[in-house]
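Please look at the sequence and the model before reading on.

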Amino acid sequence: MNTLTVIQSAAVKGLPAGCRSPGASAYWRPEMPQDADASDESLMLAYRDGDAGAFDRLYERHRGGVYRYMLRQCRNAALAEELFQDVWMNLIRARASYEVQARFSTYLYRIAHNRLMDHFRRRDFVAMSLDDETAAPVEEPAALPGAQPEIDIEARAQAAQLLSLLGKLPDEQREAFVLQQEGGLSVEEIAEATSVSRETAKSRLRYAMAKLREGMQSWR
Amino acid sequence: MALNSGDEMEHDESLAKVYRAAANEAPPARLDAAIRAASRRQAGAGPRPLSGLRTWRVPVSLAAMLVLSATLVLMMREEGADPLETALEPAPLRELAPGRPFEPQARSADAQAPLPPPPAAQSRVRPPAADIAPPASLAAPPTAQKVFAGNAEPTPLAAPPEPRREVAAMAEAARPMMRSAPAPAASPAAAASAAPPLWQDLIDQPSDKWIQRILEWQRAGRSADAVALVREFRRRFPEQSLPAEIHQP
């Protein structure tokens with residue numbers, strides 16, 4: 001199934017493009033308003049044509065995902081904020097030339113990936129170091145809403161364990177996992193957003209999953 | 001897609017659930033406000049500058065294709081003009097008196113005469129081969145005229161049927177050669193589709209290297225390659241704008 005088929009099938013079902021029907025898959029789209037029926041692509045086209053409100057809706061849908069992508073990849077809150085802002089500014093600047101060639105999420109996370117790579121190239125980073133002394137510590141997850149205290153404690157510990165494991169993954173593997181979770185990207189879309197082959201993206205995702213599963217064995 | 005096919009190697013619902021619970025960071029409100037304000041400023045900046053171009057892209061492309069095709073056809077006709085085709089042109093027919101035998105050698109001399117050539121002959125660039133005497137079997141201009149004129153009125157110069165058959169046979173024999181002329185152009189295109197992309201060595205390079213290469217190709221006159229590179233650049237770096245000196249498709 002290609003990207004356009006996904007977009008079209010989502011439109012047929014009356015779902016925003018990028019959101020799967022509840023039974024189809026377990027993709028998670030954070031902060032997706034339940035009453036939103038316009039696809040990301042149509043919102044971006046509307047914004048391109050001058051509808052500022054369309055951008056607000058798009059931003060609301062993706063602000064958390066893009067921010068967390070930056071935070072996980074550079075592990076520095078101040079830097080993540082700077083890059084996050086750049087991504088959206090780049091999107092705003094590129095609006096005039098926007099055309100639907102892929103899912104909007106793929107487009108957006110490609111911009112985010114490019115910005116991140118650009119940053120590290122400029123700073124002569126060969127790789128994003130996990131031992132960076134300036135890196136902010138992994139934040140403790142906030143209390144889960146509606147959870148009982150003992151469950152809350154366990155869930156928080158579990159979440160902290162996962163974030164810790166995620167931080168130890170190689171950058172590319174972590175990126176593949178985060179793109180899947182935050183952007184709802186498929187293997188093909190991860191490959192597209194990160195400019196690698198499908199097989200490479202698939203391999204990265206599999207390694208990431210295997211390591212995270214192994215690290216989370218005690219919670220299963 | 002692998003995820004849709006339920007490949008658990010690439011997706012784990014329990015991990016996703018835990019991650020969902022853990023991932024609750026959000027950008028600060030001041031950033032939200034700054035970005036939203038910037039988006040409104042841009043949205044109010046006026047109509048899209050590229051909308052006109054986008055509207056006209058298809059008609060302009062079609063017109064360009066038509067012009068290119070017509071030019072190619074004319075060029076092929078010019079290059080393909082051989083003694084056979086030249087001999088079949090109706091121009092000399094007017095110069096012949098009904099009872100006068102056909103004398104190809106006299107043609108160049110007749111060209112100096114005040115008689116204007118027909119419009120078709122005027123518009124055509126005649127190669128030097130036009131003055132070459134046609135084979136004896138082609139000494140039947142009226143028949144040749146009929147071959148090309150289709151339902152033209154028979155002229156008093158109607159030739160005997162023998163040469164007509166020969167001319168038709170030669171013209172028929174020439175057709176496959178003319179048809180097969182463009183064939184060699186198709187094979188390099190097929191070979192190119194199997195070749196690695198032009199930007200193979202740029203895949204891991206930053207955007208400025210791409211821009212540099214586009215400019216190099218444009219300066220070197222590789223317009224088609226440069227256009228292809230611009231398209232790929234836009235796909236890979238949607239957030240980047242190209243310098244003004246780059247001719248954009």
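**Salt bridges**

The model is predicted. Over all chains, the count of salt bridges comes to 24. Three of them are set out here.

| Salt bridge | N to O distance | Accessibility of the two residues |
|---|---|---|
| Glu81(A) and Arg30(B) | 2.5 Å | Glu81(A) 15%, Arg30(B) 56% |
| Arg20(B) and Glu13(B) | 2.9 Å | Arg20(B) 26%, Glu13(B) 35% |
| Glu216(B) and Arg213(B) | 4.0 Å | Glu216(B) 38%, Arg213(B) 18% |

The side chains of Glu81(A) and Arg30(B) form a salt bridge with an N to O distance of 2.5 Å. Glu81(A) belongs to helix 4 (residues 77-93) of chain A, while Arg30(B) belongs to helix 2 (residues 29-43) of chain B, so this pair joins two chains. Glu81(A) has a relative accessibility of 15% and therefore counts as buried, the limit for that class being under 20%. Arg30(B), by contrast, counts as exposed because its relative accessibility is 56%, and exposed means over 50%.

In chain B, Arg20(B) and Glu13(B) meet through their side chains at 2.9 Å, N to O. Arg20(B) is partly exposed at 26% relative accessibility, and Glu13(B) is likewise partly exposed, with a value of 35%.

A further salt bridge links Glu216(B) with Arg213(B), at 4.0 Å from N to O. Both residues lie in helix 11 (residues 207-219) of chain B; they are three residues apart, so about one helical turn separates them. Glu216(B) is partly exposed, with a relative accessible area of 38%, whereas Arg213(B) is buried at 18%.

Salt bridges can also share partners. In this way Arg110(A), Glu192(A), Glu232(B), Arg235(B) and Arg236(B) are joined into one network.

**A helix pair in chain A**

How do helix 5 and helix 7 of chain A pack, and at what angle? Helix 5 (residues 104-122) and helix 7 (residues 171-183) of chain A pack at about 140°, and their axes are 11 Å apart. The two helices of chain A are therefore oblique to each other. Their crossing, that of helix 5 and helix 7 of chain A, is right-handed.

On the side of helix 5 of chain A, the contact is made by Ser105(A), Tyr109(A) and His113(A); helix 7 of chain A contributes Glu175(A), Leu179(A), Glu182(A) and Gly183(A). Sorted by class, this contact between helix 5 and helix 7 of chain A has two nonpolar, three polar and two charged residues.

Note on methods
Residues numbered from 1 in each chain as written. Chains lettered and ligands numbered in written order. Predicted model: local features only at pLDDT ≥ 70, side-chain atom pairs only at ≥ 80, totals over all residues. Heavy atoms only, no water. Helix = DSSP H or I, 4+ residues; strand = E, 2+ residues; numbered from the N terminus. Buried < 20%, exposed > 50% of the residue type's maximum accessible area, 1.4 Å probe, protein only. Axes fitted to C-alpha atoms, helices over the stretch in contact; angles between N-to-C directions. Parallel < 35°, antiparallel > 145°, perpendicular 65-115°, else oblique. Left-handed = near helix turned anticlockwise from the far one by under 90°. Contact = heavy atoms within 4.5 Å. Nonpolar A, V, L, I, M, F, W, Y, C, P; charged D, E, K, R; others polar.
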